[in-house]
Amino acid sequence: MPHSIPYSNTSCANVAEMVVFCSMTIKTAYQQLVLALFEIYDDREAANIANWVIEAVTGFNKINRIMHPEINLSSSQQNLLENYTAELLQHKPVQYVLKQAWFCELQFYVNESVLIPRPETEELVAWILEDTKGLNGNIIDIGTGSGCIAIALKIQNPALNVTAIDISEKALEVAEQNAEQNRADVQFKKINILNKEEWAALPEFDWIVSNPPYITLHEQNEMPINVVKYEPHQALFVPDNEPLIFYTTIAVFAKKHLKKNGCIFFEVHEHFANATEQACINMGFKTVLRKDMQGKNRMLKAIKCFE
């Protein structure tokens, strides 16, 4: 199974539009791809991406390639590799190029209608699974995107009754495909959480989880080109003057649709983590702020201690 691929902050002004692969062995193909990727990625990232791509093209993992370096690529494999390379050199994320991403040891289909699942979100899922171990009940994933959170929760705890909502029809199509692919029974609904009139279509829940848009528009200039150019802005950005709009709205939603002693689990912006926590406290929730593996405040649990 490929590991998650990191995101590059580098850019390249003069990269060839196409790297042409002549008749070659699998070893040579890997070497040429790595050299091409050095133009826009650091050494480790280029090697990780090349390993993933070569495996996708040939079906040979790294160990098999080392054992059988002289196997020749077929003409169709070479054509596919050339197409993938051209896309990669346009800064297109490898997950979109290959139409696949890994999350919680599950494979997901992804395209440019959904965000690429991030490794740090796996930590949020792990926290929820800790809290729901041995329990059943209703949980909703707000802003589900690819469906990765909802599906991973259902797979790991089948006793959960999982609902997932999103404003995007195209995202929901991807999520439904992933649920079918992973054989996860998740109910999907098209709902805009910012529209309070649509809340009536939802019941009460024992848990709420959300990794909502939280990056302010002015932060675009600081972000990697492969994120800004290809990932859906609707799922990334919030207005500069309303950075907490989704968190406060979901907290208000929880006042009506979360059972007493139920919990909200948020992925949060590290720079707005304390502000998000305080907003929840101001609404009467008891909170726990948790750091991720990088030591950043990235996860928030808000417990409803009131009727």
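Which residues in α6 meet Ile149, Ala152, Leu153 and Gln156 in α7? They are Thr121, Val125, Ile128 and Leu129, where a contact means heavy atoms within 4.5 Å. Before going on, note that this is a predicted model, in which local features need pLDDT of at least 70 and side-chain atom pairs count only at pLDDT 80 or more, while totals for chains, interfaces and linings use all residues. Residues are numbered from 1 along each chain as its sequence is written, and side-chain values use heavy atoms, with hydrogens and water left out.

Let's stay with that pair. The contact of α6 with α7 has six nonpolar residues, two polar and no charged ones. (Ala, Val, Leu, Ile, Met, Phe, Trp, Tyr, Cys and Pro count as nonpolar, Asp, Glu, Lys and Arg as charged, and the others, Gly among them, as polar.) Helix α6 covers residues 119-132 and helix α7 covers 148-156; helices here are DSSP runs of H or I with at least four residues, numbered from the N terminus. Their axes come within 10 Å and cross at roughly 40°.

Now hop over to α1 and α4 (residues 75-88), which pack at an angle of about 15° with their axes 10 Å apart. Axes are lines fitted to C-alpha atoms over the stretch in contact, and angles run from 0 to 180 degrees between N-to-C directions. The two helices are therefore roughly parallel to each other, a label for angles under 35 degrees. Ala29, Leu33, Ala36 and Leu37 in α1 meet Leu81, Thr85 and Leu88 in α4. By class, that contact has six nonpolar residues, one polar and no charged ones.

Helix α4 has another partner: α2 (residues 43-58) packs with α4 at about 145°, again with the axes 10 Å apart. On the α2 side you'll find Ile49, Val53, Ile54, Val57 and Thr58, and on the α4 side Gln77, Leu80, Leu81, Tyr84 and Leu88. Eight of these residues are nonpolar, two are polar and none is charged.

Last stop: the second largest pocket, lined by Ile26, Lys27, Tyr30, Asn51, Lys62, Arg65, Ile66 and Pro69. A pocket is an open set of points on a 1 Å grid over the protein atoms alone, where a 1.4 Å probe fits, with protein on both sides within 12 Å along at least five of seven lines; lining residues have an atom within 4 Å of a point. Both α1 (26-37) and α3 (62-67) supply at least two residues of this lining. Sorted by class, the lining has four nonpolar, one polar and three charged residues.

How values were computed
Angles under 35 degrees count as roughly parallel, over 145 as roughly antiparallel, 65 to 115 as roughly perpendicular and the rest as oblique.
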